[in-house]
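Hi,

Here is the structure I said I would pass on.

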Amino acid sequence: RHSMKACNQFVADFEKVIKKPLKHFSKTYYTGVDLGTACVVLAVLDEDYKPVAGAYRYADVVRDGMVVDYIGAVELVRELKEELEQELNTELIYAAASLPPGTDELDGGAIKNVVQSAGFELTNLLDEPTAANRLLQVTDGAVVDIGGGTTGISIVENSQVIKVADEATGGTHLSLVISGAYKLTFEAAEKYKQNKQNHDELLHVLKPVIEKISSIVIQQTKGYNVDGIYLVGGTACLKNIETIIEKTTGIPTYKPTNPMFVTPLGIALSC
Ligand code: ATP
């Protein structure tokens with residue numbers, strides 16, 4: 001079981017308020033801070049946990065859950081926070097944040113410090129797949145978060161995350177392949193990849209890397225009773241990536257309409 005329909009509606013509501021914030025009165029606000037390898041997202045919910053505002057920026061301050069530019073990360077989160085505060089005409093106090101699975105001891109402190117130094121009171125720090133599943137509400141299956149630098153796999157049984165793993169293959173590797181095949185700079189390859197009009201053509205070029213992601217999923221789910229794969233993360237935006245993953249794993253594979261904002265919204269819901 002899962003709540004893909006409700007998840008899609010929630011993300012669609014969030015996409016609307018990114019463009020036009022909802023300025024109604026709320027006693028308190030909850031902010032989800034997602035410090036990703038490619039993108040930093042802030043999602044704001046009101047006291048009823050409904051999306052009211054959001055902002056995101058592509059940045060190179062974190063790599064695979066490791067803060068590589070601490071000052072840059074603090075400045076960026078503070079900047080986005082202030083932008084949202086102005087839009088909502090309020091102060092944002094409470095925030096939750098997340099980490100890729102397995103980086104807890106490694107960098108949990110740095111992520112926590114970034115969020116606090118940007119002026120938030122940190123109420124929760126959880127792992128990314130657990131956050132994503134707050135929205136997906138998968139009761140049994142594997143939540144697969146294909147981000148920039150890594151792919152995170154979490155196995156859910158009876159609504160509980162029972163195993164998490166994170167492996168170093170993600171969107172960055174797809175861009176490197178495009179860069180090589182089309183003789184483009186990495187930045188140009190990223191841009192080319194993110195244009196949905198190029199997705200049909202790109203799928204052939206990217207198939208081997210997607211199959212590599214599938215093999216990671218197969219390996220990490222071995223021995224578990226996984227009968228559904230739920231894709232999230234920016235790289236899951238790639239059209240028909242789910243088709244290749246379903247074919248190579250032999251497991252029915254689902255993805256939300258916009259997999260990009262599932263984790264940040266789940267973080268905000270955990271605030
Ligand atoms: P990580 O989870 O590895 O720390 P992250 O949280 O920054 O990284 P996401 O924001 O979930 O990861 O995804 C970023 C990746 O998604 C980048 O590689 C980016 O190129 C890719 N991406 C974003 N939009 C699209 C799109 N429309 N089509 C294909 N790929 C996309």
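Predicted model: local features only at pLDDT ≥ 70, side-chain atom pairs only at ≥ 80, totals over all residues.

Below is what turned up when I went through it, starting with the domains and ending with a few single residues.

The protein splits into domain 1, made of 4–132 plus 261–269, and domain 2, which covers 137–257. Their C-alpha centres are 22 Å apart. Where they meet, 15 residues of domain 1 are in contact with 17 residues of domain 2. About 1200 Å² is buried between the two domains, and carbon and sulfur atoms give 64% of that area. On the domain 1 side, Met-4, Pro-101 and Pro-129 lose the most area to domain 2, together making up 38% of what that side buries.

What about polar links across this interface? The salt-bridge rule finds zero between domain 1 and domain 2, while two residue pairs are in polar contact there. As for which elements of domain 1 touch domain 2, helix H1 (4–19), helix H4 (128–136) and H9 each give two or more residues. H4 has the largest share, with four residues.

**Helix H9**

H9 runs over residues 262–269 and is mostly covered, with eight of its eight residues buried. If you want to click through them, they are Val-262, Thr-263, Pro-264, Leu-265, Gly-266, Ile-267, Ala-268 and Leu-269.

**Cysteines**

How many disulfides does a search of the whole structure find? The search comes back with zero. Take Cys-237: the closest cysteine sulfur, in Cys-39, is 10 Å from its own sulfur, so the two are too far apart for a bond. The cut-off used for a disulfide is 2.5 Å between the sulfur atoms. Cys-271 is in no disulfide either, since the nearest cysteine sulfur, that of Cys-7, is 19 Å away.

**Gln-220**

Gln-220 is in helix H7, residues 199–221. Is this residue buried or exposed? Gln-220 counts as buried because its relative accessible area is 14%, under the 20% cut-off. The side chain of Gln-220 makes a polar contact of 2.6 Å with the side chain of Glu-167. Setting aside neighbours within four places in sequence, Gln-220 is in contact with Ile-153, Ile-155, Lys-163, Ala-165 and Glu-167.

Lys-112 is part of helix H3 (residues 104–117) and is partly exposed, with a relative accessible area of 37%. Lys-112 and Ala-97 are 15 residues apart along the chain, and their C-alpha atoms are separated by 7.5 Å.

Met-66 belongs to strand S5, residues 66–67. At 32% relative accessibility, Met-66 is partly exposed as well.

Cheers

Note on methods. Residues numbered from 1 in each chain as written. Heavy atoms only, no water. Buried < 20%, exposed > 50% of the residue type's maximum accessible area, 1.4 Å probe, protein only. Domains from an automatic or database assignment. Contact = heavy atoms within 4.5 Å. Buried area = accessible area lost by both parts, 1.4 Å probe. Salt bridge = Lys/Arg side-chain N within 4 Å of Asp/Glu carboxyl O. Polar contact = N/O pair within 3.5 Å; in protein donor to acceptor, adjacent residues only side chain to side chain.
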